[in-house]
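Trainee: Could you take a close look at a single part of this structure and then relate it to a few other sites? Please state the cut-offs as you go.

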Amino acid sequence: MDCCYLFGHSMGGFTALNSLAGGLPVKGVIAMAPCDLAYMYEEQYDDFAALMDVQKQGYFRVPDEKYMEQDVELHHEQWRFPKLVDLMPEHVPVHFVGGKQDILTPPGEHIMPIYKKMVEKGRKVTYTEFDDGHSFSMNRVALTIFSYFSIYISFFVKFIPLFF
């Protein structure tokens, strides 16, 4: 799989970052409005509880309604985004995309802590912020063009790194 880029939005961004830290061999990661579930559990428990209520309504496919909450309770210390940096391969670039108006995963709370730690450690990391909310509905065209451009570059111009 080290020929692929991993992309995730919200909880998919959480999964992409944890997968990279867990050793998944990929060429790069794009985390769009990633949700730091451990941060929510530790610092914003009311928001975390509200997310768990949404999960209980069947929006997330999990084995049973308590699985996700129990998993975060057991692993929140190791899943905290800034702690993942030491587990990530140094050569794999990560690009974060955030929304200034995102009230579900505000960039200052969910992206900036891991981004700053990656910068401090000299990692390949970039950040783009749109004046948009969590779903990026006002910027879908720009994001689609960015995605297609990224795919084009990775397939046809393999000798030029996508992220510098």
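Mentor: A residue is buried when its relative accessible area is under 20%, exposed when over 50% and partly exposed in between, using a 1.4 Å probe and protein chains only. The model is predicted, so local features need pLDDT of at least 70 and side-chain atom pairs pLDDT 80 or more, while totals for chains, interfaces and linings use all residues. Numbering runs from 1 along each chain as its sequence is written, and side-chain values use heavy atoms, without hydrogens or water.

Eight of its eleven residues are buried, so α1 is largely enclosed by the rest of the structure. Those buried are M11, G13, F14, A16, L17, N18, L20 and A21. Just after α1, G23 has a positive phi of about 105°.

Further along, D36 sits in the loop between β2 (28-32) and α2 (37-43). With 2% relative accessibility, D36 is buried. Its side chain comes to 3.2 Å from the backbone nitrogen of F81. Leaving aside residues up to four places away in sequence, D36 touches W79, R80, F81, P82 and H110 (heavy atoms within 4.5 Å).

The structure also has two aromatic pairs (Phe, Tyr or six-membered Trp ring centres within 6.5 Å; planes under 30 degrees apart are stacked, over 60 edge-to-face, the rest tilted). One joins Y115 and Y127, with centres 5.9 Å apart and planes at 50°, so this pair is tilted.

Notes
Helix = DSSP H or I, 4+ residues; strand = E, 2+ residues; numbered from the N terminus. Polar contact = N/O pair within 3.5 Å; in protein donor to acceptor, adjacent residues only side chain to side chain.
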